[in-house]
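Here are my notes on the model you sent over. Have it open beside you as you go through the points.

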Amino acid sequence: MRDLAYAKLLADNFERLTGKALGDPWGLSQPLVSHGTEDDPIFRYANSAALTLWEMDWDRFTKLPSRHSAQDDPAIQTDRSAYLAQAAAKGFVSDYQGIRISATGRRFRIAETILWTVTDASGLRHGQAALIGRVERLD
C-alpha cells in the first residue's frame, strides 16, 4: 500500500532542503502528504496522520486531486497556488497555512506547514510535499 521508496525520497529531500531530519515519514505524528506532477496534481502519498486528518483511506486519498483537499474558494485556491509556485521556485517554504476540508466535510486550518519540491538524485521532479506543523479544527 504505502510506497516506501517514495517515503525515503520525501525524507531525503526534506533533510537536504531544510537541514532537518524527517525520520520515518509513515510514523510521524504530523500529517505528511505529497502530490505528483500531473497538470492537476493527484496525491501520491499520505502518512497515517494525514489519512486520519482527511478521513480517507490510502486508495481514496491517492486518487484525489490535491486541490480538492482545500476549500473550493477562489481566494483559498489562489493562495494555495501561489505558495506551491513559491516552493517550486525556492525549493521549499516554511510558513504555509490554509483551510482544508476532510472527506466528511470537516474544515480545518493547517499552519506552520513546510512545502517542498520533491526531486530525485538526477534532479527529476516528482512532485511537492507538505509537512503540516499545526492543525486547528474549524467545525
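1. Buried residues, meaning those under 20% relative accessible area with a 1.4 Å probe and protein chains only, make up 47% of the 139 residues in the chain. Please keep in mind that this is a predicted model, where local features need pLDDT of at least 70, side-chain atom pairs count only at pLDDT 80 or more, and totals for chains, interfaces and linings use all residues. Numbering starts from 1 along each chain as its sequence is written, and side-chain values use heavy atoms, without hydrogens or water.

2. The C-alpha trace spans about 40 × 30 × 25 Å along its principal axes.

3. From the N terminus on, their order is α-β-β-α-α-α-β-β-β-β.

4. Ile114 sits in strand E4 and is buried, with a relative accessible area of 11%. Beyond its neighbours within four places in sequence, Ile114 has contacts (heavy atoms within 4.5 Å) that include Phe14, Phe92 and Ala130. Gln30 is 84 residues from Ile114 in sequence, yet their C-alpha atoms are 11 Å apart.

5. Which residues lie nearest the centre of the largest cavity? They are Val33, Arg80, Arg100, Leu115 and Ala130, out of 18 lining residues. Strand E1 (32-35) and helix H4 (74-90) are among the elements that each supply at least two residues of that lining. A cavity here is a set of points on a 1 Å grid over the protein atoms alone where a 1.4 Å probe fits but cannot get out, and lining residues have an atom within 4 Å of a point.

Note on methods:
1 Å grid on protein atoms, 1.4 Å probe; cavity = no way out; pocket = protein on both sides within 12 Å on 5 of 7 lines; lining within 4 Å. Helix = DSSP H or I, 4+ residues; strand = E, 2+ residues; numbered from the N terminus. Buried < 20%, exposed > 50% of the residue type's maximum accessible area, 1.4 Å probe, protein only.
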